[in-house]
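Here is a short report on one structure. Look at the picture, then read on.

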Amino acid sequence: MIGAGYWGPNLIRNAQATPEMRVEYLCDLDGERARRVLGEYSTVKVATSVDEVLADPAVDAVAIATPAATHFAVAMAALEAGKHVLVEKPIAPTFEEGLTLAETADRLGLVLMVDHTFCYTNAVAKLREMIRGGELGELQYIDSVRINLGLIQSDVDVLWDLAPHDLSIFENILPEDLRPVEVAAQGSDPVGAGHACVAYLTLKLSNGVLAHVHVNWLSPTKIRNMIVGGSERMVVWDDLSVTQKLSVYDSGAEISAASLDSDDRAATIVAYRKGDMVAPAMPNNEALRGVMAEFVASINEKRAPLTDGWSGLQVLAALEAASQSLASGGAFVPIRQVERPHGGK
């Protein structure tokens with residue numbers, strides 16, 4: 001485990017709870033911080049040098065939870081040392097660096113996985129099943145809200161801090177033939193942090209449908225909601241709900257008219273369907289436990305993980321396009337499309 005800061009303790013706790021894993025090191029520039037995370041009686045070794053960890057043949061894989069700007073250098077060093085890599089989002093600071101990591105992992109036959117944590121929740125797995133299985137009908141829109149008070153980051157804006165969660169969820173749940181192709185972003189910095197603290201993203205999907213994301217560090221309340229609208233059913237995901245994560249509504253609207261371009265518009269009939277609401281039973285799971293289980297399984301089974309380097313690269317492409325849009329006043333910017341050498345999504 002490399003990095004004992006904000007997220008590292010969560011990763012190491014779940015790694016230690018995964019039977020197929022044995023934690024050898026916790027590496028951090030601040031050795032005392034690492035020791036505090038481990039506790040007084042831990043047998044895990046503390047290191048302050050990444051090189052020391054990577055040189056140890058007992059280490060098969062590393063998990064990286066260092067500042068975003070360092071992800072490329074640390075992950076590349078680990079891959080070149082023959083280690084499998086689990087890296088926090090974003091996979092790298094730039095698309096070119098992310099592409100280099102994905103290509104290097106493939107060339108060396110190593111697993112490169114991005115910790116897109118929400119993709120390992122039962123709620124997202126159920127959303128994926130419903131959307132890809134056609135249960136919602138034709139996709140009509142996606143609205144997502146991810147807001148709270150803090151933590152304002154010094155090295156990235158709110159887009160790069162929070163939006164990767166929503167973008168990775170879209171990447172996971174959308175059918176293989178449907179993907180974001182353009183993005184427009186608007187943002188503001190009302191507190192003088194030096195970069196956007198409030199932002200709105202509008203993504204155009206390849207079928208013309210819009211997906212919208214609101215991210216905000218300055219909200220007095222914490223909200224984690226997503227609405228997915230389909231022609232047959234609609235789903236509301238409330239990630240903060242303890243008892244009812246997903247609510248599936250048999251609701252919708254249908255319009256019929258002889259011709260909307262003629263004087264017959266008055267004859268247009270709007271039919272609203274308001275059926276039952278169903279809350280699928282889903283056990284609560286700790287998503288990071290699923291992350292660790294998938295990391296181990298992909299290594300042992302010699303396969304790509306669910307959130308592999310290529311899916312992380314597609315999220316990175318959307319982030320870069322959003323940043324370009326934000327800098328240019330909110331115009332739509334094309335998103336570079338990533339084609340995985342091994343196919344799939």
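Helix α1 passes helix α8 in a right-handed crossing, meaning that the near helix is turned clockwise from the far one by less than a right angle. This is a predicted model, where local features need pLDDT of at least 70, side-chain atom pairs count only at pLDDT 80 or more, and totals for chains, interfaces and linings use all residues. Residues are numbered from 1 along each chain as its sequence is written, and side-chain values use heavy atoms, without hydrogens and water.

The axes of α1 (residues 8-16) and α8 (residues 287-300) come within 9 Å and cross at roughly 60°. Axes are lines fitted to C-alpha atoms over the stretch in contact, with angles from 0 to 180 degrees between N-to-C directions. Helices (H or I, at least four residues) and strands (E, at least two) are DSSP runs, numbered from the N terminus. Asn10, Leu11, Asn14 and Ala15 of α1 touch Leu288, Arg289 and Met292 of α8 (contact: heavy atoms within 4.5 Å).

Now to strand β4 (residues 84-88). Five of its five residues are buried, so the rest of the structure largely encloses β4. Buried means under 20% relative accessible area, with a 1.4 Å probe and protein chains only. His84, Leu86 and Glu88 lie on one side, Val85 and Val87 on the other.

| Partner of β4 | Sense | Bridges |
|---|---|---|
| β3 (residues 61-64) | parallel | four |
| β5 (residues 112-115) | parallel | four |

Ile64 stands opposite Val87. Leu112 in β5 is the bridge partner of Val85.

How values were computed: Buried < 20%, exposed > 50% of the residue type's maximum accessible area, 1.4 Å probe, protein only. Pairing = 2+ DSSP bridges.
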